[in-house]
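Please read the following report alongside the sequence and the model.

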There are 2 protein chains.
Amino acid sequence: MTDSAIVARPHDRLAKELADDLVAVNALIRARMESRHAPRIPEVTAHLVEAGGKRLRPMLTLAAARLCGYDGPWHIHLAATVEFIHTATLLHDDVVDESAQRRGRPTANLLWDNKSSVLVGDYLFARSFQLMVEPGNLRVLEILSNAAATIAEGEVLQLSAAQNLATDEDIYLQIVRGKTAALFSAATESGAVIANAPDDHVRALFNYGDALGIAFQIADDLLDYQGDSTATGKNIGDDFRERKLTLPVIKAVGQATEDERAFWKRTIELGRQDARDLDHALELMAKYNTLAATRNDARHWADTAKSAIAALPDHRIRTLLHDLADYVVARLA
Amino acid sequence: MTDSAIVARPHDRLAKELADDLVAVNALIRARMESRHAPRIPEVTAHLVEAGGKRLRPMLTLAAARLCGYDGPWHIHLAATVEFIHTATLLHDDVVDESAQRRGRPTANLLWDNKSSVLVGDYLFARSFQLMVEPGNLRVLEILSNAAATIAEGEVLQLSAAQNLATDEDIYLQIVRGKTAALFSAATESGAVIANAPDDHVRALFNYGDALGIAFQIADDLLDYQGDSTATGKNIGDDFRERKLTLPVIKAVGQATEDERAFWKRTIELGRQDARDLDHALELMAKYNTLAATRNDARHWADTAKSAIAALPDHRIRTLLHDLADYVVARLA
């Protein structure tokens, strides 16, 4: 158990390696989520920021900067920026998805209201821009403001594609790149840029973040159908019930017979579902082995992430990032 | 009529003075509201951006830059930035207020849905940051990112203060500075900064924008109780029905007898209103002359705006800005 437990948790080893930086990031996040005038803001923000999130995205920024030899102060700001963008997105996502739970706790829109979630999300978004301006690095500003636009575009695209059976694997990848991978790759790229790393290192870390983000989201979408709800804080089949076309379903729709297509049309496009439909959906995914195929895709992207940084100089953090890519898909039994 | 019509519409004269710049701003707005992947974005945005808005905020940026002798290209980007921030705010406001009408047309949240309004607002917000990064001017970035945070903070503050009878004139002013004046002053200040104007000119134009924004919002809140609904696109008493504590009511609450206080508590704090309550509210405002007092406050801020720019060098645009301040309160018969 001991050995595998160590191997299994590169995320914790990365957190240990970056412990001092993370303390600084958390202090900066707490300072910047304050509002002299509107106490509702830190209340709502604290609910999310202190809910035991893994700080994965800010760790990627810190890791990239340290891996590239950075010893200045600004990676802390960029890491906090990335976490604020992420938190703002979560607040707005929960409004859009009408979610009641996140990380096993009631969502902010449920505890307060949709209005607070929308406006506090806007505040954190604006705060993230203030934070990213402070290092005074225009290239970093371009990376992070482009990421913010790509994220929002991916969310809108998901909105219109979600219940449309014409959504294929290409569109799915586009959505995933927008809503998840854009922030992962901006996190690693901006860490490398603030460290003034050579162009090929910047590109390698961008590619790592992009592939890691895609692997992470595919794994998440897969776990929705085969995960254990105590680990994910979600119930099996939530995406099906919310009529989200994710990869396991898209692969089944792509191979569907006429009858099966009618089933998907009724349950996903038209949203007419009864209690037994989830089981039938799982049967169709089993028939075409789409959970296994989705798992392979996730592993492929984790491999892509590892290859991206293979040529970087040897470094303890490089090894941790390599292991992190394995870990993201190791959850997929 | 001819003379007074000319005097009465400094806004149109400013638009004429800045006609070429405005053509460029509109072209940039149209180009940047596109989305290759998500056609929902330009649909929703066009509904608002092309709804005959007066482009008041971007004109302020253009006017400040030109008044300070700017002849570079970047004031166009800053003006488009300001309009995008404004449009994003409108989209989110209409979700938060559950509005059905804006500028006499159905709102985007009614035509599409709240989800689209939230996410397209996020997209425009992100686009505004991309636009403001492009001129590569860090001081401008600070001004505009600070304004974005102040706006969001003002909106959250309004959310918690709106139905609370303890909201006094100081808190009202804080909210107005946040939700309205912060963008006016950032518009004028960033125009002056991009033109490399001397510090006292920058300060003068900041103060002008701040005071003009406050005058504008007070006038708007007053017109809600005495305006003509064809001009404002709103119905008399909307704020009362939505239980918004604006200046005319705050002034009446401040002088209320015990019985009157109970009336305000029931209608605003508890939201228990019947059809005759608006008339009684108007009677109480008449009793204490609060509409006239509110009108005086608006005029005071318009005067403050005019004084702020009085010491700037003589210039056609300075005169137009002076007249614009008069115009904002001239609507208040």
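A contact here means heavy atoms within 4.5 Å, and helices are DSSP runs (H or I, at least four residues) numbered from the N terminus. This is a predicted model, in which local features need pLDDT of at least 70 and side-chain atom pairs count only at pLDDT 80 or more, while totals for chains, interfaces and linings use all residues. Residues are numbered from 1 along each chain as its sequence is written, chains are lettered from A and ligands numbered from 1 in the order in which they are written, and side-chain values use heavy atoms, with hydrogens and water left out.

Two helix pairs are set out below, with axes as lines fitted to C-alpha atoms over the stretch in contact and angles running from 0 to 180 degrees between N-to-C directions.

| Helix pair | Angle | Distance between axes |
|---|---|---|
| α6(B) (residues 75-96) and α8(B) (residues 114-133) | about 160 degrees | 8 Å |
| α3(A) (residues 19-32) and α6(A) (residues 74-96) | about 60 degrees | 9 Å |

With angles under 35 degrees counted as roughly parallel, over 145 as roughly antiparallel, 65 to 115 as roughly perpendicular and the rest as oblique, α3(A) is oblique to α6(A), whereas α6(B) and α8(B) are roughly antiparallel to each other. Among the residues of α6(B) that meet α8(B) are F84(B), I85(B) and L91(B), and the α8(B) side includes V118(B), L124(B) and F125(B). The residues of this contact of α6(B) with α8(B) divide into 12 nonpolar, 8 polar and 2 charged, where Ala, Val, Leu, Ile, Met, Phe, Trp, Tyr, Cys and Pro count as nonpolar, Asp, Glu, Lys and Arg as charged, and the others, Gly among them, as polar.

In chain A, the α3(A) residues that meet α6(A) include D21(A), L28(A) and R32(A), and those of α6(A) include H75(A), E83(A) and F84(A). By class, the contact of α3(A) with α6(A) has 8 nonpolar, 2 polar and 3 charged residues.

A rotation of 180 degrees with 0.0 Å of shift along its axis superposes chain A on chain B (RMSD 0.0 Å), by least squares on the C-alpha atoms of residues with pLDDT of at least 70 in both. That is the relation of a two-fold axis.

How values were computed. Helix = DSSP H or I, 4+ residues; strand = E, 2+ residues; numbered from the N terminus.
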